[in-house]
Amino acid sequence: MIGRLNHVAIAVPDLDAAAAQYRDTLGAQVGAPQDEPDHGVTVVFIELPNTKIELLYPLGDNSPISAFLEKNPSGGMHHVCYEVEDILEARDHLKAQGARVLGDGEPKIGAHGKPVLFLHPKDFTGTLVELEQV
């Protein structure tokens, strides 16, 4: 059902510093910051030959990343994102297997302009999983 790894998301306490570290220290191609108000984050994508790194920074007072950074002030891995061909089919299959879909269970449009869903980390060995339709 799942396809390739789309990205690994890392919550960061300083978006500019993190982007500079990837660009200047590691020599990576770093995108421009983009606000995602529906998700409460500002993101920067780091392009790698085989996948992407998504840097996450809180946007607004109700950002889920704020709570994450309170628990992890230095930042850290937030989630992994896998591609799926049909997000509704994947959702229905996962729910039938007992996996919990976060929110109301309906896909939202993610940072790549495609439908996404998140799966409860307690159902996936402590890892928050994002599914993105390709």
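The model is predicted: local features need pLDDT of at least 70, side-chain atom pairs count only at pLDDT 80 or more, and totals for chains, interfaces and linings use all residues. Residues are numbered from 1 along each chain as its sequence is written, and side-chain values use heavy atoms, with hydrogens and water left out.

Start with the fold. The protein has 3 helices and 9 strands. Here helices (H or I, at least four residues) and strands (E, at least two) are DSSP runs, numbered from the N terminus. Along the sequence the order is β-α-β-β-β-β-α-β-α-β-β-β. The radius of gyration is 15 Å, close to the 14 Å that the globule rule gives for 134 residues, so the protein is as compact as a globular protein of that length. That radius is taken over C-alpha atoms, and the rule is 2.2 Å times the number of residues to the power 0.38. Along the principal axes, the C-alpha atoms fill a box of roughly 45 × 35 × 25 Å.

Next, packing and charge. Of the 134 residues, 40% count as buried. Buried means under 20% relative accessible area, exposed over 50%, and partly exposed in between (1.4 Å probe, protein chains only). Among contacts between residues at least 6 apart in sequence, 54% join residues at least 24 apart. A contact means heavy atoms within 4.5 Å. The protein carries 10 positive and 20 negative side chains, and the centres of the two sets lie 5 Å apart. Lys and Arg count as positive, Asp and Glu as negative; His and the chain ends are not counted. Each charge is placed at NZ of Lys, CZ of Arg, CG of Asp or CD of Glu.

Now look inside. Thr 42 is found in strand β4, residues 41–47. Thr 42 is buried, at 8% relative accessible area. Its side chain makes a polar contact with the side chain of Asp 35, at 2.7 Å. A polar contact is a pair of N or O atoms within 3.5 Å; within protein, one must be able to donate a hydrogen and the other to accept it, and residues adjacent in sequence count only if both atoms are side-chain atoms. Not counting residues up to four places away in sequence, Thr 42 also touches residues including Leu 15, Pro 33, Leu 55 and Tyr 57.

Lys 52 lies in strand β5. Is this lysine buried or exposed? Lys 52 is buried, with a relative accessible area of 10%. Leaving aside neighbours within four places in sequence, its contacts include Arg 4, His 7, Phe 45, Glu 47 and His 112. Lys 52 and Ala 9 are 43 residues apart in sequence, yet 8.6 Å apart in space, C-alpha to C-alpha.

Leu 48, between β4 and β5, is partly exposed at 32%. Gln 97 lies in the loop between α3 (87–96) and β7 (108–109), and is exposed at 60%. The C-alpha atoms of Leu 48 and Gln 97 are separated by 33 Å. From Gln 97 to Arg 23 the C-alpha distance is 41 Å. Thr 125 sits in the loop between β8 (115–119) and β9 (128–133). Thr 125 is exposed, at 81%. Its phi is near 50°, a positive value in a residue other than glycine. Most residues other than glycine have a negative phi.
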